Amino acid sequence: MRPVIFSQISLDLKHTRLFRSPSNTDDMAEEAKKLAGYAAVDNHVQNNQVVGVGSGSTIVYAVDRLAERVRQEKLNIVCVPTSFQARQLILQHGLTLSDLDRHPELDVAIDGADEVDAALTLIKGGGGCLTQEKIVASCAKHFIVIADFRKDSSALGQQWKKGVPIEVIPMAYVPVSRTIAKRFGGEAVLRMAVSKAGPVVTDNSNFILDWKFEHIHNWKEVNIAIKMIPGVVETGLFVGMAERVYFGMEDGNVGVRDPPVN
């Protein structure tokens with residue numbers, strides 16, 4: 001199922017119509033991220049709200065637009081981050097920083113995704129922040145996802161080939177990896193760092209396994225089953241959480257996908 005082209009919907013996207021023809025796919029993807037981020041902020045953020053700020057490359061554009069609106073419209077906005085990166089973005093833009101201790105209920109959370117399927121099931125955690133991202137999303141009245149056209153799939157695994165991230169307690173990574181492979185097939189590989197020796201360490205001081213699954217599963221059941229394995233902290237499967245996804249498209253429009261009607 002392809003997303004509905006956003007130009008067919010009566011919403012003001014004047015801020016996203018500055019699309020220029022990019023020179024290559026990477027440039028096109030960056031423009032698409034900006035389109036999605038701006039659309040989400042313009043249509044879901046209002047005055048006097050507490051906003052969950054996601055992590056990753058696409059959220060940078062959403063925070064840019066959020067800060068712009070706060071300055072121009074004198075909005076009173078409080079931001080709750082999902083990671084160290086998100087916290088730094090909030091501070092760098094001069095936005096009001098808070099946490100779940102002070103604001104345990106959020107009006108809206110905006111975050112990216114590594115892949116989105118037709119049912120709005122997400123794979124998240126490519127940047128290693130899946131646990132905080134899921135916590136913040138679960139505390140929000142509305143969870144809005146932003147992505148570029150490369151993240152749009154009819155089924156998980158179609159576009160994203162790096163597997164489902166699973167945050168684990170360090171001492172448990174070997175038994176958890178073996179259990180996942182035995183019960184669900186595929187391979188769960190310890191994620192290694194690029195600019196340091198050894199594995200990636202999350203903001204929570206845990207490790208990440210990337211489960212490269214072999215076939216489509218019932219993701220709700222698999223998510224619950226994996227979380228029940230001793231040593232698993234959280235999975236990067238976000239099932240039944242996203243209320244809407246905005247896709248920045250290659251042609252300069254914005255696509256929108258809502259959950260399917262059962």
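Keep in mind that the model is predicted.

Let's start with the layout. The chain splits into domain 1, residues 25–153 plus 238–249, and domain 2, residues 164–235. Domain 1 is therefore assigned as two segments, because the bounds come from an automatic or database assignment. Between the C-alpha centres of the two domains we have 24 Å.

Now the interface. How much area do domain 1 and domain 2 bury between them? About 1,100 Å², with 57% of it on carbon and sulfur atoms. On the domain 1 side, three residues lose the most area to domain 2: Leu 130, Thr 131 and Lys 134. Together they make up 39% of what that side buries. By contact, 16 residues of domain 1 meet 16 residues of domain 2.

What about polar pairs? Across this interface there are 8 residue pairs in polar contact, both residues at pLDDT 80 or more. The salt bridge count between the domains is 1. Look at Glu 234 and Lys 134. They form a salt bridge, and their closest N and O atoms are 3.0 Å apart.

Which helix gives the largest share of the domain 1 side that touches domain 2? Helix H4, residues 130–138, with 4 residues. H4 is mostly covered, with 7 of its 9 residues buried. Among them are Leu 130, Thr 131 and Lys 134.

On to the cores. The largest nonpolar core has 28 residues. Which members touch the most others? Ile 110 and Tyr 246. Several elements give two or more residues here. The helices are H1 (25–44), H2 (59–73) and H3 (84–92). The strands are E2 (49–53), E3 (77–81), E5 (106–111), E8 (140–148) and E15 (254–257). H2 gives the most, with 6 residues.

Methods. Residues are numbered from 1 along each chain as its sequence is written. This is a predicted model: local features need pLDDT of at least 70, side-chain atom pairs count only at pLDDT 80 or more; totals for chains, interfaces and linings use all residues. Side-chain values use heavy atoms; hydrogens and water are left out. A nonpolar core is a set of buried Ala, Val, Leu, Ile, Met, Phe, Trp, Tyr and Cys residues joined through side-chain atoms within 4.5 Å. Buried means under 20% relative accessible area, exposed over 50%, partly exposed in between (1.4 Å probe, protein chains only). Contact means heavy atoms within 4.5 Å. Buried area is the accessible area (1.4 Å probe) that two parts lose on being put together, summed over both. A salt bridge is a side-chain nitrogen of Lys or Arg within 4 Å of a carboxyl oxygen of Asp or Glu. A polar contact is a pair of N or O atoms within 3.5 Å; within protein, one must be able to donate a hydrogen and the other to accept it, and residues adjacent in sequence count only if both atoms are side-chain atoms.
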